[in-house]
Amino acid sequence: MFNALVVNKDDEGKTSAAVTEMSLDQLPAGDVTVAVEYSTVNYKDGLCIGPGGGLVRNYPHIPGIDFAGTVEASDDPRYKAGDKVVLTGWRVGEAHWGGYSQKARVKADWLVPLPAGLDTRQAMAVGTAGFTAMLSVMALEVHGIKSGPVLVTGAAGGVGSVATAILAHLGHEVAGVTGRPETADYLKSLGASQIVAREELNETVKRPLEGETWGGCVDAVGGEMLARVLGQMQYGASVAAVGLAGGAGLPATVIPFLLRGVNLLGIDSVMQPYDNRLRAWERIAKDLPMDKLEAMVRPATLSDLPGLGADILKGQVQGRVVVDVNA
């Protein structure tokens with residue numbers, strides 16, 4: 001028997017989440033059974049713990065879109081008992097039972113080996129958010145990061161925190177956008193050299209182009225802020241779009257693309273091919289300072305998750321939550 005956070009939905013459509021004792025035979029079919037050690041909390045997790053957000057179709061459900069742990073049993077030759085593994089994406093925690101459980105059974109194709117230089121706790125301090133941040137930095141590098149500050153929107157969140165630390169470590173000047181003035185010291189500790197108040201970028205302007213300010217951007221907000229930022233990018237600079245906390249609409253024009261050659265790069269972490277996953281995790285182990293990573297961490301347990309799920313939907317979670325599922 002083992003514990004898991006199980007979400008149920010009643011006849012009126014209301015969801016509730018509670019730590020529940022489970023048995024191995026209740027787990028779904030899969031190639032590999034993993035003793036989960038750590039998971040984390042992302043925006044999608046908040047949806048799946050709470051209202052569902054259209055992501056969860058079947059109940060009861062175990063959320064947790066990522067986890068790290070040790071293989072207990074495997075029907076796939078790529079993994080054997082004792083191997084340390086990481087899972088992010090593949091709609092685990094949404095369409096499939098996820099990492100808020102002391103045991104998980106998944107397809108072998110969804111796993112990657114734990115990269116050298118990281119333990120399972122550090123891997124989940126990175127998690128989907130940090131993995132997405134690294135994919136964003138890699139995409140910006142492919143297209144060329146220009147001189148001058150690189151903007152990170154939603155900088156105090158999970159993706160933004162890791163992106164800030166990685167970019168600063170790589171020698172870039174980082175400008176962090178936040179709507180919470182109290183996070184300024186935290187962002188500076190990660191390497192941000194400039195703090196930009198959200199209000200400065202949150203208003204749509206009629207001018208399609210403004211001064212060429214940013215040499216690159218990791219945008220976790222979308223909406224009006226992304227539209228505004230596009231008009232402030234330097235010639236040939238790129239924006240890696242990773243989130244929509246500010247809305248899915250984009251009230252922009254094509255002028256920045258046509259007159260300044262700005263690139264808008266969509267970043268998906270869910271269905272990334274295996275080789276790209278390995279490259280990103282290797283870069284994380286190399287280019288994310290572990291002391292900066294540790295400064296982002298907030299520890300949690302399975303019983304904390306209902307409250308944390310509600311908090312992250314309100315934008316009230318700073319940095320990276322690391323869930324010790326066995327605590």
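I looked up Glu37 and found its side chain in a polar contact with the side chain of Lys84 at 3.0 Å. A polar contact here is a pair of N or O atoms within 3.5 Å, where one must be able to donate a hydrogen and the other to accept it, and residues adjacent in sequence count only if both atoms are side-chain atoms. The Glu37 side chain also makes one with the side chain of Thr120, at 2.6 Å.

This is a predicted model, so I note that local features need pLDDT of at least 70 and side-chain atom pairs 80 or more, while totals for chains, interfaces and linings use all residues. Residues are numbered from 1 along each chain as its sequence is written, and side-chain values use heavy atoms, with hydrogens and water left out.

Is Glu37 buried or exposed? Glu37 is buried, at 18% relative accessible area (buried is under 20%, exposed over 50%, partly exposed in between, with a 1.4 Å probe and protein chains only). Glu37 sits in strand β3, residues 32-40 (strands are DSSP E runs of at least two residues, helices H or I runs of at least four, numbered from the N terminus). Leaving aside neighbours within four places in sequence, its contacts (heavy atoms within 4.5 Å) include Ala68, Gly69, Asp324 and Asn326.

Next I checked Val86. Not counting residues up to four places away in sequence, Val86 touches Phe67, Ala68, Trp110 and Trp281, among others.

Last, the helices: Phe131 and Met134 are among the α2 residues that meet α7, where Trp281 and Ile284 are among the partners.
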